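Here are some notes to read alongside the structure.

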Amino acid sequence: MDGHAFVSERIVTPDGIRPGAIIIRDGKIGRFLPASLIPANIEVHNFGESAILPGLVDSHLHINDPGRAEWEGFETATRAAAAGGYTTLVDMPLNCLPPTATVAALGAKRQAAAGRCWVDWLAWGGLVSESASDNQAEIEALAAAGVPGFKCFLIHPGIDGFTMVTEAELRAALPHVARTGLPLLVHAELPGPIDEATRRLQNNNNNEDADWRRYSTYLQSRPEEAELAAIRLLLSLCRQYKFRLHIVHLSASSALAELCAARAEGLPVSVETCPHYLHFCAEEIPDGATLCKCAPPIRSRENRERLWQGLKDGIIDLVATDHSPCPPAMKRLDEGSFKTAWGGISSLSLALPLMWTQAQQRGFTLTDLTRWMAEAPARLAGCSARKGRIAEGFDADFVIFEPEAEFVVTEDRLYYRYPVSPYLGQKLRGAVRATYLRGQVVFSDGQFPVDPRGREIC
Ligand SMILES: [Zn+2]
């Protein structure tokens with residue numbers, strides 16, 4: 001046999017959805033043909049009505065390995081990814097130990113990942129406080145060592161081992177970031193408005209601690225102003241230092257107008273949101289339901305609809321999972337306290353059906369989904385010449401997806417380390433039937449049939 005042909009009635013290409021055959025040779029996408037013109041010496045896989053999408057790219061998740069592999073780890077995360085239709089993951093520099101803020105730490109990450117990945121991966125570098133390490137000097141070294149960009153926090157990240165940066169520290173680092181030409185991904189919340197809101201909660205409660213079992217308490221403690229103030233600061237820094245700015249997990253839709261204006265001005269800004277902000281709304285989160293805790297928080301139903309509009313208008317470029325697991329005890333399900341529970345929602349194995357369930361109700365197509373979940377994140381992570389699209393010369397990474405199938409989320413469909421999820425019991429639309437990485441099957445009908453073949457791409 002001289003290669004393979006993947007045939008479907010619905011192949012999702014950058015130019016639209018069409019029937020045909022994709023020729024695959026040596027793990028790469030070759031020609032696109034009508035199925036009737038497939039040469040005789042080619043092995044044909046006919047997926048019929050199932051759609052073929054490009055393998056998804058998740059530009060924001062926490063694998064926690066090395067150092068906190070008991071929270072997740074390369075094996076479990078990449079299997080969950082394969083089950084979810086993701087073929088490329090870009091790991092965040094925090095929650096693992098050491099944080100990926102030095103070239104030595106990047107080496108430790110490469111060692112932890114070696115031979116244990118079912119899909120391809122890259123690692124973001126960390127931009128941390130100067131006092132924590134000589135990080136400024138590390139920025140350009142990390143770029144040379146192959147990270148596709150950097151991540152920083154303007155607020156305490158809620159975990160030890162990764163430090164936030166002050167405005168002064170950020171200013172000192174930005175010329176280095178700008179010189180690399182790589183994007184800086186920022187957790188855009190400022191502490192000021194959050195401290196103030198938390199004080200106000202306490203004053204309103206006669207200095208007693210507020211009722212942290214209530215979701216409304218948590219929501220009030222992290223107001224939209226914290227996101228807005230951070231985004232205003234970042235846009236002005238972007239104007240001054242001319243670096244590529246990426247806002248991770250936007251929750252506050254009130255920031256969309258200013259982000260839109262910044263784009264119109266020509267600033268190099270991109271924006272992401274997450275499935276949980278597009279799926280849940282504050283009105284429906286019961287008190288004590290700490291599985292829904294994340295930062296910034298899930299806001300109102302009206303806010304959710306504005307985020308969908310932001311996607312439609314192209315102000316929000318991409319959807320990443322921010323998959324951030326922890327051992328189940330850290331979700332404090334017994335006490336239900338939004339104050340002490342770990343903030344993070346895991347969705348790596350469900351993101352595609354979650355997004356499709358919501359998106360198709362709003363008139364979006366599979367082409368929109370692949371733009372948000374494959375093409376745009378690949379561009380952010382600097383791998384858009386080989387990942388994120390079904391196009392000649394690209395890696396033969398595919399998701400075989402059944403858009404009309406429905407299923408109820410059960411623990412056995414999660415695949416990451418601990419089957420903890422706010423989505424359990426929900427009925428979703430669209431099922432991942434199989435996932436292919438560079439032409440090889442890495443997930444099929446609940447099975448992972450090959451040895452781990454994923455590798456770092458940089
Ligand atoms: Zn995150």
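Which residue in strand 8 is the bridge partner of Thr88? The points below begin with that.

1. The partner is Asp120. This is a predicted model, in which local features need pLDDT of at least 70, side-chain atom pairs count only at pLDDT 80 or more, and totals for chains, interfaces and linings use all residues. Residues are numbered from 1 along each chain as its sequence is written, and side-chain values use heavy atoms, without hydrogens and water.

2. Strand 7 (residues 86–91) pairs with strand 8 in the parallel sense over 4 bridges. Two strands count as paired if DSSP finds at least two bridges between them. Helices (H or I, at least four residues) and strands (E, at least two) are DSSP runs, numbered from the N terminus.

3. The open sheet has 3 strands in the order 6-7-8, with parallel pairing. Strand 6 (56–61) and strand 8 (120–123) each have a single partner strand, so one side of each lacks a neighbour in the sheet.

4. Helix 1 (residues 74–84) packs on the sheet and touches strand 6, strand 7 and strand 8; contact means heavy atoms within 4.5 Å.

5. Helix 12 (residues 366–380) has 15 residues, which at 1.5 Å a residue should span 21 Å; its end C-alpha atoms are 20 Å apart, which agrees. The expected span is 1.5 Å times one less than the number of residues.

6. Just after helix 12, Gly382 takes a positive phi of about 70°.

Definitions and conventions:
Axes are lines fitted to C-alpha atoms, for helices over the stretch in contact, and angles run from 0 to 180 degrees between N-to-C directions.
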